[in-house]
Amino acid sequence: QQRHPQRENEMKKIWVVMGIFVILSGIPLYPQQEHFRRFPPPPDPLQELKLPPIASALLSNGLGVSVVSRENVPFMSVQLVVFAGEVFSSGKLPGTATFAAGMFGRGTLMHSASDIDEIMESIGGTLSVAVNQDYVLVTFNFLEEHLDQALDLLSQMILQPNFAEN
């Protein structure tokens, strides 16, 4: 067989030109991928939401309490909602709710702020306070074996706050 180098070069040029034409014209090289992008598969069906039962009660002092139990969870979370957010701050003293919430956990009649920090650490606890327009949310997490100590500390912070002068 005889080779024709000139003809082979022309064929290479034709293939290069055709390749550039395909790339510039936007003709998809992989039609299956383009089909997938235009028609993605339907999502999997949502699993049924199964929430644990909520037990609620109203205490004699008017405090509403709700409890949700979960098995095999080694910690507890107590959330206190106080309906006194920034919307209730005086027009003359904006930010009063945020300031007051920031003082939460800074001392009680029996414990200083550093005492509270030590107790929190000993029970594996964390405390956070979030101020919203309509309410203040206090979240207290701790190891479940320290429930009595944690509730005692929380009640002191709520009912017997005491702050150092500075």
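Predicted model: local features only at pLDDT ≥ 70, side-chain atom pairs only at ≥ 80, totals over all residues.

User: What percentage of the residues in the chain is buried?

Analyst: The chain holds 166 residues. Buried here stands for under 20% relative accessible area. By that cut-off, the buried share of the chain is 16%.

User: Does strand β1 lie largely in the open or is it buried, and how many of its residues are buried?

Analyst: Strand β1 covers residues 54-58, which makes 5 residues to check. None of them counts as buried, so β1 lies largely in the open, and the number asked for is 0.

User: Which residue takes a positive phi in the hairpin of β1 and β2?

Analyst: β1 and β2 pair in the antiparallel sense, over 5 bridges. Within that pairing, Ala57 stands opposite Val65 in β2. The hairpin has 5 residues between the strands, and the one with a positive phi, near 95°, is Gly62.

User: In what order do the strands of the open sheet stand?

Analyst: The open sheet is formed by 3 strands with antiparallel pairing. β3 (75-82) and β4 (126-131) each have a single partner strand, so both stand at the edges, with one side left without a neighbour in the sheet. Neighbouring strands are turned by 15° against each other on average, direction ignored. The strand order is β3-β5-β4.

User: Which residue of β5 stands opposite Phe75?

Analyst: β3 pairs with β5, which spans residues 136-143, in the antiparallel sense over 8 bridges. In β5, the residue opposite Phe75 is Leu143.

User: Which helix packs on this sheet?

Analyst: The helix in question touches β3, β4 and β5, and its direction makes about 155° with that of β5. It spans residues 147-159 and is named α5.

User: Which element gives the most to the lining of the largest pocket?

Analyst: The largest pocket has about 1100 Å³ of space. Its lining counts 27 residues, with Ser66, Val67, Ser77, Val78 and Gln79 nearest its centre. At least two lining residues come from each of β2 (64-68), β3 and α5. With 8 residues, the element that gives the most is β3.

User: How many charged residues are in the lining of the largest pocket?

Analyst: Sorting the lining by class gives 18 nonpolar and 7 polar residues. The charged residues number 2.

User: Which element gives the most to the lining of the second largest pocket?

Analyst: The second largest pocket has about 250 Å³ of space. It is lined by 13 residues, and those nearest its centre are Val82, Ala100, Ala101, Phe104 and Val136. Two or more lining residues come from each of β3, α3 (96-102) and β5. Giving 3 residues, the element with the most is α3.

User: And how many nonpolar residues does the lining of the second largest pocket have?

Analyst: This lining has no charged residues, and 2 of its residues are polar. The nonpolar residues number 11.

Notes:
Residues numbered from 1 in each chain as written. Heavy atoms only, no water. Pairing = 2+ DSSP bridges. Helix = DSSP H or I, 4+ residues; strand = E, 2+ residues; numbered from the N terminus. Axes fitted to C-alpha atoms, helices over the stretch in contact; angles between N-to-C directions. Contact = heavy atoms within 4.5 Å. 1 Å grid on protein atoms, 1.4 Å probe; cavity = no way out; pocket = protein on both sides within 12 Å on 5 of 7 lines; lining within 4 Å. Points joined across faces, edges and corners; volume = space filled by probe spheres on them. Nonpolar A, V, L, I, M, F, W, Y, C, P; charged D, E, K, R; others polar. Buried < 20%, exposed > 50% of the residue type's maximum accessible area, 1.4 Å probe, protein only.
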